[in-house]
Structures are given as C-alpha cells and as structure tokens.
Amino acid sequence: MRTNTNHFRATRLLRMLGYIWQCFYSSCLRFWLKWFLRLVTGRCELQRICARCKAGALRTAQIEYSLKCSKSKVLRAALSLKENDLDEHLAQIIQEKRIKEQKDPTFKVNLHQCLLQINGYSGLFEEVEDLRKQVFDSENEEHENMLLKLWDLLMPSEKLESRVTKQWGNIGFQGEDPKTDFRGMGMLGLTNLLFFSENHPDAARQVLSHASHPRLGYSYAIVGINLTEMAYSLMKSDALKPHFYNTVCGKPQMQHFHHFYCYLAYEFDKFWLEEEPESIMEFNRYREKFHDKVKGQLQKPEVKLIMTVDQEK
C-alpha cells in the first residue's frame, strides 16, 4: 500500500515539474532562445524550421506550433485564414519578421505550402461537419439516387424489389429502410459508403462478401457508418493532421477524407478477419482495439495511411 502511495506521489511530482518547466519555457526561455538563434543564424524561427525540415508533417506541425505560440498577432492570425487572403498575409509575415527574400528564396514557397495545409485542414473539417449534419431526406431525389446507386454497386446481380424492403439487410442495414441508420453521421455516412463502392468496387464487394461470412460476418453498412464516425472523430481531435500533411501537398479536399475512410473500411475488414472474434457481440472491443492501432500509426511523423488492395487468392 505504501509503495503504491509513493509511486502516486512521485508521478504527481513529475507531472507538476513538467508543467512548471513547460510554463517557464513557453513564457520566458523560448523567447530568449529564439532571440539568440536569430542573432547567431540571421534567420527567424519560421525560416529555420523550413530549412531543416523536409516538406510534410514534421515541418508543417512545427510551423503551426511556432505560429500558435507567437506573441505577434500577425503570426497567430495566419492560423485562421481564407485561401484568398493567404498571399497578402504571407507578405505581412515576411515584413513583420524582416525576412530578406533574396537571401532565402525558398522560404516563401515553403511557408505558403504549410499555411495551405494548416488552414485547409480547418476548412475541410467544416465541410465534413456540414455533411455530417445534413440529414438523409427520402424526399430528396439526390439522396435517394445515392442510396439506390450504393445497392447497384454492391449487388449488381440482384435487383432491389422495392425501396423499402428486407433486402437492405443483405448489405448490412438494420431495417427495411436504411434512412434510419444514417441518423448519427447523416449524409457523411452514405457519402463514404458510396465513395468506397464507386472508387473501389471490387474491394468493396470483397469486403461485403467477408461481412457475409457465416461465423465472422458483421453488418457491412452499419460498421461502415461506425467507421465514418471514427474518421470524423480522428479529424475533429486533429489526429489526422500528420496523415494529411504527409499526403496532401496543398489544401486537403473532401476526397482526401473519403480516401482515408476507404483505408479504414478496408483495413478494418482485414483486422476483423485476422482477430477472429467469437461473435459480433464483441464488436465494440475490437473496434476500440482497431481504433487504438490507427491512433498509434497516426502518431508517427512519416505516417501515410493509404489504402493498398491485396489480391485475394
């Protein structure tokens, strides 16, 4: 008992010391260290980051941190820019930091790319959020056509007998009308499912066939919507930043989010089959295990989670 108490006290002490160090570094030491390095190298922190880090998550994340911690309003404002204002604000940063472009000709291009990625990520999340909030409307012809197209892509040899039918269960919906299953993720869930089927039809049907396995099967569409929630949550928590910073050179688009979803859908299927759960009742446990695996991969600086199709034997 005493050993546990001592361990707890030691942990609290270390955390407190870490917090004190972080406060001291952020409020005092970091400023003087930056001043000293500027004096020695003749370059500001943003220039030094761009010079020593290659394009990708490592560079963009450090640029983002530097801007966020800056005492300059001009630099902090660079984290919330519209794309049309980027060039003008970039010029303000160069003026604010007294950067001589002739001596560092690549800096402007490199910083421009970082700002596109940083602000593009925020803009993309707003688009993802808007699509998630969009409710599936059976009176909306576009929504209905998307749903019917999903069926045609996944079940090309079986005709849908009617709009409301038990056949929807064949692709993993819970009831006779799939619209009730989109409540949590809205049109984002349907758009992800359809994107996977449109862009990777063979892989999508392969995953569906695995989901229909008599022992290891699962509800394809319901699990797909659950994976949409996983992708959405990872993006909301900023965990997807390294992936996007490494895979998209400029502003990330909605298609890049959909491609990440495809990765999740395909990799989860492989993970599920490899783990061989005893029943679908264990889904939540294995879902969390898969989630932890993905989060672990996203913490690696060079991470690129891109779907790679394995040829099924």
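The structure in question is a predicted model. The buried residues of H7 are His143, Glu144, Met146, Leu147, Leu150, Trp151 and Leu154. Because these residues cover an arc of only 160° around the axis, they lie on the same side of H7. An α-helix has 3.6 residues a turn, so residues three or four places apart point the same way. The face of H7 turned away from the buried side carries the exposed residues Glu141 and Glu142. The buried residues of H7 pack against H8, H9 and H10. At the N-terminal end, H7 is capped by Asn140, a side-chain oxygen of which lies 2.9 Å from the backbone nitrogen of Glu142.

The largest nonpolar core comprises 65 residues, of which Phe173, Leu193, Phe196, Tyr220, Met235 and Phe260 touch the most other members. Two or more residues are given to this core by each of the helices H6 (107–133), H7 (141–154), H8 (186–199), H9 (201–211), H10 (220–236), H12 (254–275) and H13 (283–298). The most is given by H12, with twelve residues. Another core, of 23 residues, lies apart from the largest one and has Ile63, Ile94, Leu111 and Leu115 among its members.

Thr60 lies in helix H3 (residues 57–69). With a relative accessible area of 0%, Thr60 is buried. Its contacts, not counting residues up to four places away in sequence, are Cys114, Gln117, Ile118 and Tyr245.

A search of the whole structure finds 17 aromatic pairs. The ring centres of Tyr218 and Phe268 are 6.1 Å apart and the planes stand at 80°, so this pair is edge-to-face. Tyr218 lies in the loop between H9 and H10 and Phe268 in helix H12; the pair therefore ties together parts that are 50 residues apart in sequence. Both Tyr218 and Phe268 are buried. The rings of Trp272 and Phe283, with centres 6.2 Å apart and planes at 50°, form a tilted pair. This second pair links Trp272 in helix H12 with Phe283 in helix H13, eleven residues apart. Trp272 and Phe283 are likewise buried. Tyr218, Phe268, Trp272 and Phe283 belong to one aromatic cluster, which also includes Phe271, Tyr286 and Phe290.

Definitions and conventions. Residues are numbered from 1 along each chain as its sequence is written. This is a predicted model: local features need pLDDT of at least 70, side-chain atom pairs count only at pLDDT 80 or more; totals for chains, interfaces and linings use all residues. Side-chain values use heavy atoms; hydrogens and water are left out. A nonpolar core is a set of buried Ala, Val, Leu, Ile, Met, Phe, Trp, Tyr and Cys residues joined through side-chain atoms within 4.5 Å. Buried means under 20% relative accessible area, exposed over 50%, partly exposed in between (1.4 Å probe, protein chains only). Helices (H or I, at least four residues) and strands (E, at least two) are DSSP runs, numbered from the N terminus. The arc is that of the directions from the helix axis to the C-beta atoms. Contact means heavy atoms within 4.5 Å. A polar contact is a pair of N or O atoms within 3.5 Å; within protein, one must be able to donate a hydrogen and the other to accept it, and residues adjacent in sequence count only if both atoms are side-chain atoms. Rings of Phe, Tyr and Trp (its six-membered ring) pair if their centres lie within 6.5 Å; planes under 30 degrees apart count as stacked, over 60 as edge-to-face and the rest as tilted.
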